[in-house]
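Subject: Handover of a structure and its description

Dear colleague,

Please find below the structure that I am handing over to you.

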Amino acid sequence: MFYSDEAKNEFIYYLKESLGFNYNDIYLNSERFLTEQEENLIKDFKKKKEEGMPLDYILNSSKFYENDFYIDDRVLIPRPETEILVEYVNNHFSSTLKLLDVGTGSGCIGISIALKNLSATVYGSDNSIGALEVASINKRNLNADNFLLIHANWLSCFGNKSFDLIVSNPPYIDENDEHLNDLKHEPYSALVSKDHGLGDIKKIVSQSTSILREGGVLMIEHGHDQESEVKNIFSTSNFSNILCLKDLSSIPRITIGTLKI
Ligand SMILES: C[S@@+](CC[C@H](N)C(=O)[O-])C[C@H]1O[C@@H](n2cnc3c(N)ncnc32)[C@H](O)[C@@H]1O
């Protein structure tokens, strides 16, 4: 009946999470009567999986760092590699920071930092109203009172020397990248950037030089093959102490730089 173990596990997870089935319902009680509503939900699940929809969109929920985030097709599904950025901020910066998560999407980065640093003021900005609505649901669900949302095209609306730290997971996929075929349920504007995927990174780095305080820090997530280009963008834009964080498989994920004084 299932074409893979993964498909079977996802179906079992769906039965538990969305229909409230328990162990007996799933494994022991083969005669269990399905209500009309349960039957419809199962048909709906099957249809969405046949269309290739990721489980997190079907469940409207995604686990990230220490919390469950509401998500829908207006935002990117939070990725595990982005947790490296959150962990680094939580371990290396003072908890009284003024920080901006630019391109916040579901708010997963900004909210995860805000909840661990209750004295920090964390702003989350996005140019997508839909994304800001999703982030606002997560702010409310997770009681992130020190996380504030702003509608903005990258850093255009912020004053000079406003932040100690700017973090971002911007769109960085090249418009001709074949992996986009596997990501057709996620918002195109959250994934793709011009200039071989580097267009938005260049804008954020350049605009950060005036929005960061002197000695402030910029952290940007990027593609595994963009490390040297991103390093070059940082170093030609007045950043020093540039380093790249790698994941457990030694894949380069996040570049960090300090604005020269
Ligand atoms: C890769 S997603 C990251 C979302 C979230 N921070 C995460 O890590 O899951 C990039 C985000 O940047 C936003 N974005 C794209 N262009 C933008 C722009 N010009 N100004 C502000 N945000 C933008 C998208 O709407 C999207 O939410």
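Predicted model: local features only at pLDDT ≥ 70, side-chain atom pairs only at ≥ 80, totals over all residues.

Seven strands form an open sheet with mixed pairing, and their order is β5-β4-β3-β6-β7-β9-β8. Strands β5 (147–151) and β8 (239–246) stand at its edges; each has a single partner strand, so one side of each lacks a neighbour in the sheet. On average, neighbouring strands are turned by 20° against each other, with direction ignored.

Within this order, one pair may be followed in detail. Strand β3 (residues 98–102) pairs with strand β6 (residues 163–168) in the parallel sense, over four bridges.

Helices α5 and α6

Helix α6 also has a helix beside it to consider. Its axis and that of helix α5 (residues 82–92) come within 10 Å and cross at roughly 30°. Angles under 35 degrees count as roughly parallel, and α5 is therefore roughly parallel to α6. Their crossing is right-handed. From α5, the residues T82, L85, V86, V89 and N90 take part in the contact, and they meet C108, I109, S112, I113 and K116 in α6. By class, the residues of this contact are six nonpolar, three polar and one charged.

Helices α9 and α10

The axes of helix α9 (residues 199–211) and helix α10 (residues 227–235) come within 10 Å, with a crossing angle of roughly 25°. The two helices are therefore roughly parallel to each other. Helix α9 passes α10 in a right-handed crossing. On the α9 side the contact is made by I201, K202 and V205, and on the α10 side by V230, I233 and F234. Five of the residues in this contact are nonpolar, none is polar and one is charged.

The ligand

Which residues are closest to the ligand? They are G103, G105, N127, N169 and A190, in a shell of 21 residues that surround the ligand. The elements that give two or more residues to this shell are α6 (108–116) and α8 (188–191). By class, the shell has ten nonpolar, ten polar and one charged residues.

Yours sincerely,
A colleague

Conventions. Residues numbered from 1 in each chain as written. Axes fitted to C-alpha atoms, helices over the stretch in contact; angles between N-to-C directions. Parallel < 35°, antiparallel > 145°, perpendicular 65-115°, else oblique. Left-handed = near helix turned anticlockwise from the far one by under 90°. Contact = placed C-beta atoms within 7 Å. Nonpolar A, V, L, I, M, F, W, Y, C, P; charged D, E, K, R; others polar. Near = placed C-beta within 6 Å. Pairing = 2+ DSSP bridges.
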